[in-house]
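Here are my notes after going through this model.

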Amino acid sequence: MRQGPEIWIRGPVAAPESPDRGPAAPEMPRGPSPTEAPGFSWIGVHGGAGVTTLAGVFGGQDCGQGWPGPGDPPSVLLVARTHAAGLTAAGRAVEEFRLGRVPTGVGLDSVVLVADAPGRLPRPLAQRVRLLESAVDVHRVPWVPAWRLDGTHEGPPRGTESLVRRTRRVR
């Protein structure tokens, strides 16, 4: 099996053998298996992404905008807001993982997109989210007004069940 074309894909795809095809793209590093170091590290791909809030609500290591340090879980959850700059930064970060430009041993588990405002995303932003979803697992966190007043003690908001399952699986 060979890797598909140089676009974001979720995994290997069967391709006909052809001598004119270039080398396969490297596989994106993934987070540790359940038998490796438990936990996960939150990394913001831009300032104000919500890493500290998410670590407080869902658990895990708050790495700010830096890579996990020694002793931190190597499984990474990238965090971005759903505004244009946040989605651009998330796309760049996923690309860095895909190209293997991350510290050895660090693996991308998924991307967590935090709503930048209440309500639905404008169509151009929703299209960018779908593009990210075609490359990597994406979890969405809705706008939570109580978080503006430090209402993180209330637990995970509705609509984040997939993220709750993901974060509990690695604890």
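1. Confidence first. This is a predicted model, and the chain averages a pLDDT of 81, with 75% of the residues scoring at least 70. Residues 1-37 are the part to watch: the pLDDT there is below 50.

2. Overall layout. I count along with the assignment here: 4 helices and 5 strands, running β-α-β-β-α-β-α-β-α from the N terminus on. Of the 171 residues in the chain, 44% are buried. Among contacts with a separation of 6 or more, 67% link residues 24 or more positions apart. The accessible surface comes to about 9500 Å², and carbon and sulfur atoms hold 53% of that.

3. The sheet. What is the strand order in the open sheet? Reading across its 5 strands, you get S2-S1-S3-S4-S5, and the pairing is parallel. S2 (61-62) and S5 (138-141) are the edge strands, each pairing on one side only. In general, strands of a sheet pair through backbone hydrogen bonds, either parallel or antiparallel.

4. S1 and its partner S2. Strand S1 covers residues 41-44 and pairs with S2 in the parallel sense over 2 bridges.

5. A closer look at H1. This helix spans residues 51-58, and its buried residues are Val51, Leu54, Ala55, Val57 and Phe58. Just after H1 comes Gly59, which takes a positive phi of about 85°.

6. His46. You'll find this residue in the loop between S1 and H1. Why does His46 count as buried? Its relative accessible area is 13%, and the cut-off for buried is under 20%, so His46 falls on the buried side. The side chain of His46 reaches the backbone nitrogen of Arg81 at 2.9 Å. Leaving aside neighbours within four places in sequence, His46 is in contact with Gln65, Ala80, Arg81, His83, Gly86 and Ala89.

7. Asp72. This one sits in the loop between S2 and S3. Asp72 counts as partly exposed because its relative accessibility is 25%, which lies between the 20% and 50% cut-offs. The side chain of Asp72 reaches the backbone nitrogen of Gly69 at 2.7 Å. Not counting residues up to four places away in sequence, Asp72 touches Ser41, Gln61 and Cys63. Asp72 and Gly60 are 12 residues apart in sequence, and their C-alpha atoms are 9.3 Å apart in space.

Note on methods:
Residues are numbered from 1 along each chain as its sequence is written. This is a predicted model: local features need pLDDT of at least 70, side-chain atom pairs count only at pLDDT 80 or more; totals for chains, interfaces and linings use all residues. Side-chain values use heavy atoms; hydrogens and water are left out. pLDDT is the predictor's confidence in each residue, from 0 to 100. Contact means heavy atoms within 4.5 Å. Buried means under 20% relative accessible area, exposed over 50%, partly exposed in between (1.4 Å probe, protein chains only). Two strands pair if DSSP finds at least two bridges between them. A polar contact is a pair of N or O atoms within 3.5 Å; within protein, one must be able to donate a hydrogen and the other to accept it, and residues adjacent in sequence count only if both atoms are side-chain atoms. Accessible areas come from the Shrake-Rupley method with a 1.4 Å probe; for residues, only the protein chains shown count as cover.
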